[in-house]
Structure formats: C-alpha cells, structure tokens
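Me: Please go through how the parts of this protein chain meet. Keep it to questions and answers.

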Amino acid sequence: MADDLVVVRGVTFAYEERPVLFDVDMAIPRGKVVAIMGLSGCGKTTLLRLIGGQLKPQRGDVLVDGLSVPSLGEEALYRLRRRMGMLFQMGALFTDLTVYENVAFQMREHTDLPEPLIRDLVLMKLHAVGLRGAWHLRPAELSGGMARRVALARAIALDPMLILYDEPFAGLDPISLAVIGRLIRTLNDALGATSVVVTHDVQESLKVVDYVYLMSEGRVIFSGDVAAVHASRDPYVRQFVDGRPDGPVPFHYPAPPWQEMLDHDYA
Amino acid sequence: MTTLERVVGLVGRLGAPVVDAAVGLGAATRFFLSVLAASTSCLRRPRLVVRELYFIGVLSLAIILVSALFVGMVLGLQMYDTLVRFGSEDIVGMVVALALVRELGPVLSALLISSRAGSAVTAEIGLMKATEQLSAMEMMAVPPVARVVAPRFWAGVLAVPLLTAIFDVVGIFGGWLVAVPLLGVDDGTFWSQMRAAVDFRLDVVNGLIKSLWFGVAILFIAVHQGFHAEPTAEGVSRATTRTVVRSALVVLGLDFVLTAFMFRGFEGMG
Ligand SMILES: Nc1ncnc2c1ncn2[C@@H]1O[C@H](COP(=O)(O)OP(=O)(O)OP(=O)(O)O)[C@@H](O)[C@H]1O
Ligand SMILES: [Mg+2]
C-alpha cells in the first residue's frame, strides 16, 4: 500500500439527493500518470473534489500520502493541499490578477521567496506552457485554451507531489494538445510527482499515461495499463476507446420512454 | 379537519419561518465569527486592506460628494424657509450641522455606500464563487475567508466612517452655500451659532460611532450574501439585490436603536 499515493476505498457519494459515486475503489501509484476517463456527468470532477478534500464521502475513505482526507482537520487539510496542485475544469483563474500574478499567487502566499526568484519561477512555468509572452494579460483577454494553459502553469507553481488535472485537453488546438500532453508526462517525471488526469480525450491521453480507470455512471468499470486498454475485448472499453455511439455505455442521461415524454405537458 | 389539526397546521406554518430565521441567524453568526477569526491576515498584510479601501472608498467618493452637497443645500433652503418666519435664520448653520452630523450624514452615507460598494462587493465575491475562484483558492491552501472576505470587510468598516465625515463636511458647506452667499445670512453668525451648539463628543463622535456600526452591518451583509450566493448568474443577481434591500432595512433599524441609546440615555441621566 505504501507505494500508492492516493487510495480511494469504497467511496459512495451523493449531492444531497442525487447519488453520483457508488462504492468506488481506486489506487494511484506513486510516480505514475493515471487517467480517469468516462462520459460527461459520470462523476469524475466529483472524484477529484473528494481527493482534494472539498467534498466528504458519505461512505468509504480517501487516503492521500497515508492521510485520511475526510477526517483531516482544517489545518492539516491545508497543509496537505500545499503539496497538491489542481487544474480546474473551467480554469478558475483569478480575474482581478494578471497571468503573471496568477502563477505567482501561491509563491507569494506560501513562501518568502525574494521577488527576483519568483520572477524566474513564474516565467519558467509560463514558458513551459508557451505563454511567457502573455504574462501581462488579464484572464478576460485570454482564449479558452490559453486560460487553461495558464491554469496549468498555476497548478504546478509550487512543484506539487500530486497534480490533479480536470480536463487538461478540453478546448486545445492540436499543437497545444500534443505539447500539454507531453508536458504532463515530463513534469510528472521531472518533479517525481504523481498525476491524475481526468479526460475524455482517449487518444491523446493514452499516449502519455501509465494506467487507466474507466468510469460509467459512478462506478469503475475497467482499470488497467495502456496495453490492457488496447488489448481489451470488453465491449464497454471498446465502445469508449473507439468512440462508437452504440454499445453498452449509455450516451443518454436516464430518460423515460419517448412516448411518455411526447405526451408530457412541458408548459 | 378538526380544530386541533387546524391549530397544529397554523403553528407549523408560523413556526417554519421562525425556525428558518433562527437557523439563518445562527449560520450568519458563525460566518461572522469566522471572518473575525480570519482577520489576523489583515493585520499581517495591511496591504490587502488598503487595496480594498481604495476600491470601496474611491467607488463611493463621487456619489458621496455630490449627494452631500445637494442634501446640504436643500437642508439650508428648507431650514431657512422655516426659521425666517420666526426671525431665527441666524441659527440655520447650527440646524443644518446638527441634522447632518447626527442623522443625515451617517444614515445617507450608509445607504449610498451599501448600494454603490456593498452591492459591488457581493457581486464580486459571488462571481468569484460562481467561477470556482474561491474553490481554486481553497485548493491552493489559501483560505478565501482570510484572503478575500476579511480584507473587504475591514476596508468597508473603515471606509464608512471616513466617507461619513466627508459627507458631513461637504453637506455643511452646501448649507453654507445656500444660506450665506445666496440668502444673505451673516457669515460670522452662521459659523458661531454652529460652533456653540454642536458638541464634538456628543454630536460628531456619536454620529461617527453610529456610522462605524452601519459599516459593520453593511459590509457583513455584503460579504455574507456574496460568499453564500448560489453560484449562478441568477443567484449572484439575487444576492446583490438582497444586499441592498437588507442593508437599507438594517441601517434604518439600527439607527433608531443606536440613537435611542446615545441621545435619550444621555438626556434621561442629565
Ligand atoms: N453541485 C452539484 N449539486 C448537485 N449535483 C451535482 C453537482 N455537481 C455535479 N452534480 C451532478 O453530479 C454528477 C457528476 O458530476 P461531475 O461534475 O462529477 O461529472 P464529470 O464526470 O466531471 O462530468 P464532465 O466530464 O462533464 O465534467 C452529474 O450528473 C451532475 O449532474
Ligand atoms: Mg467534470
């Protein structure tokens, strides 16, 4: 167990009345890049929030570096979070700060580094995502893809041991896509970090990750390394990897039969 | 339906809002305490407060100046009109100053600041929540209550009395403008009557103490509404409206209570 940085054990979670995760088990080994894939709405973001301690499971436990996240006090949780980086699905850049200040934010909040050193670090992080030249822009002046790359630079600002990426590939052009994919891999190996990548982008992520969890409707339905994904005969896996509309994975949100909905009064 | 059932139903209907209100008040109190507890960050980094003081203060300065000038001028006109009938137009300066320093300055400044800056604070914090900026901050181990809420709260609490003092001064100037150059009240009498009647401790300081409490109320409502806004466009818009409406009601209610304590209490004792 000691070589798993994150362990999700029997986690069940519901937003008020709406159950989202059912008895999820996962292990994220140290030093690896692990992808969590699944259709929209299957609970991937929710799972990341559970790992980050922003939500508490109704049942089960989440361990990060041996600590049970749901039972940590505020101070201990904040100490743990200093060693985590998270890329938010919507970017969540601070709109009142420039690109530069966004990346510098945690360095200024958590360290006493002298300003010249912060400058070097920020420019290095921005260079890694190809946006060194955009340091002076405000988030409102960035395109969606650029904002995501800045958010990525911000997530890795303090060289975290665990990096959680929520949809790092969404909205990127093909070149950025390849660069960011490689960057996730390189960062992980250079920092000796562990990365969790939530994504729909099967082709791109299979190029960079070590291990894959496939989720459907709040359950883990497949897990294995990249070779196992390619070799799998499982109809769920095949449908997801090949992107076919028909198969066992439901594309539709649960709905009553057509006739019933056509007869329903929507006014 | 039996009478008993009807009574039980009625009690239930009356009770539910009371319970809701009590729960809401409890939650608000807890939030208030957490803001106070997080305020050490403002002492350690006064720069955060200064930045917000600039925004809240400068946002409200123009409207405070213009409103104060007109309120003072209207007050001058109205008071002169009444007082001249008794031949006491000499004390117009005193009446204008007392009205402004005791009541109109603190109350009107508070109302103006809440609709200008309080609403802006609510909208800003609410939007930060809706766009996950507060979540992101939490994940970076930076508590949003300390980094976002507390500096705005304290900046506003400082800004309200400062702006009120400006309101008082500009309002008195407006009254002077009408009374002396326009209506011909004697300049020296205008000021000397004012100086004789307005007590620094009992009128000026009490007025500013009131405005300090108004500041606490307004800014607390603003940050509370923003921080607990539903994270959607409609949610933020509803929260902003609630900030303005509740601030107005609380300021007016609080004004009565504080005034009763300060002035009545003093007279009764004397
Ligand atoms: N705050 C919330 N309150 C109630 N329900 C929620 C909330 N957030 C998400 N949900 C529901 O939980 C389910 C899982 O949401 P989640 O955001 O984890 O999905 P996801 O796998 O990240 O999807 P996507 O790939 O589209 O980002 C969804 O069906 C959604 O409707
Ligand atoms: Mg998601």
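**Domains and their interface**

Reply: Chain A splits into domain 1 (4-83 + 160-262) and domain 2 (100-159), with bounds taken from an automatic or database domain assignment. This is a predicted model, in which local features need pLDDT of at least 70 and side-chain atom pairs count only at pLDDT 80 or more, while totals for chains, interfaces and linings use all residues. Residues are numbered from 1 along each chain as its sequence is written, chains are lettered from A and ligands numbered from 1 in the order written, and side-chain values use heavy atoms, without hydrogens and water.

Me: How many residues of domain 1 of chain A are in contact with domain 2 of chain A?

Reply: Contact means heavy atoms within 4.5 Å. On the side of domain 2 of chain A there are 11 residues, and on the side of domain 1 of chain A the number is 16.

Me: Which three residues supply 39% of the area that domain 1 of chain A buries against domain 2 of chain A?

Reply: Buried area is the accessible area (1.4 Å probe) that two parts lose on being put together, summed over both. The two domains of chain A bury about 1200 Å² between them, 69% of it on carbon and sulfur atoms. More than any other three residues, the suppliers on domain 1 of chain A are Arg82(A), Pro160(A) and Leu183(A).

Me: How many salt bridges does the rule find across the interface of domain 1 of chain A and domain 2 of chain A?

Reply: A salt bridge needs a side-chain nitrogen of Lys or Arg within 4 Å of a carboxyl oxygen of Asp or Glu. Across the interface of domain 1 of chain A and domain 2 of chain A, the number found is 0.
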